[in-house]
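Please examine the sequence and the structure shown below. A briefing on selected features follows, grouped by topic.

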Amino acid sequence: MTAHFDKSATAAEILADKDLSGRAAIVTGASSGVGIAIAHALAAAGADVTLAVRNLEAGRAVAAKIAADAGVRAPAVGKLDPLSLGSVRAFARTWGERPP
């Protein structure tokens, strides 16, 4: 069965009843706005979520809130400034070395 969503659908609605266990997700901009909602929905669905953020302190606060609200392990938090190629490379190198 295929579900149809309109532009008002939330990430939580779209991922309802989905099992993303064993899947990895990187969410950029995850320390504010829609990034938080997407990261929360992915984590609640069982994904191994990494929050890619410019501000590590803000990212850690979001990760703790997601863990508390969704009853899941806190997402990992990594520093990423998408405007800096060096930052992107460093993030990719670090994320690629994480345990499976």
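Does A58 count as buried, partly exposed or exposed? At 26% relative accessibility, A58 counts as partly exposed, where buried means under 20% relative accessible area, exposed over 50%, and partly exposed in between (1.4 Å probe, protein chains only). This is a predicted model, in which local features need pLDDT of at least 70 and side-chain atom pairs count only at pLDDT 80 or more, while totals for chains, interfaces and linings use all residues. Residues are numbered from 1 along each chain as its sequence is written, and side-chain values use heavy atoms, with hydrogens and water left out.

- Strand β2 (residues 48-53) pairs with strand β3 (residues 76-79) in the parallel sense, over four bridges; two strands pair if DSSP finds at least two bridges between them.
- Between β2 and β3 the chain passes through helix α3 (residues 56-70), and this β-α-β crossover is right-handed; that is, with the strands pointing away from the viewer, the path from the first strand over the helix to the second runs clockwise.
- Helices (H or I, at least four residues) and strands (E, at least two) are DSSP runs, numbered from the N terminus.
- Opposite A52 stands G78 of β3.

**Helix α3**

- The 15 residues of α3 reach 21 Å from the first C-alpha to the last, close to the 21 Å expected at 1.5 Å a residue; the expected span is 1.5 Å times one less than the number of residues.
- G59, V62, A63, I66 and A67 are the buried residues of α3. They lie on the same side of α3 because they cover an arc of only 135° around the axis, the arc being that of the directions from the helix axis to the C-beta atoms.
- An α-helix has 3.6 residues a turn, so residues three or four places apart point the same way.
- The buried residues of α3 pack against α2, β2 and β3, whereas E57, R60, K65 and A68 are exposed on the other side of the helix.

**Nonpolar core**

- The largest nonpolar core has 15 residues, of which V27, A30, A39, L42, V49 and L51 touch the most other members. Such a core is a set of buried Ala, Val, Leu, Ile, Met, Phe, Trp, Tyr and Cys residues joined through side-chain atoms within 4.5 Å.
- At least two residues of this core come from each of β1 (24-28), α2 (33-44), β2 and α3.
- A39 touches V27, A30, V49, L51 and I66, not counting residues up to four places away in sequence; contact means heavy atoms within 4.5 Å.
- L51, in strand β2, counts as buried because its relative accessibility is 0%.
- Leaving aside neighbours within four places in sequence, the contacts of L51 include V27, A30, A39, V62 and V77.

**Other residues**

- S87 is found in helix α4 (residues 85-96) and counts as buried at 15% relative accessibility. Apart from neighbours within four places in sequence, S87 is in contact with K79, L80 and D81.
- D17 lies in the loop between α1 (11-15) and β1 and is exposed, with a relative accessible area of 82%.
- The phi of D17 is near 65°, a positive value in a residue other than glycine.
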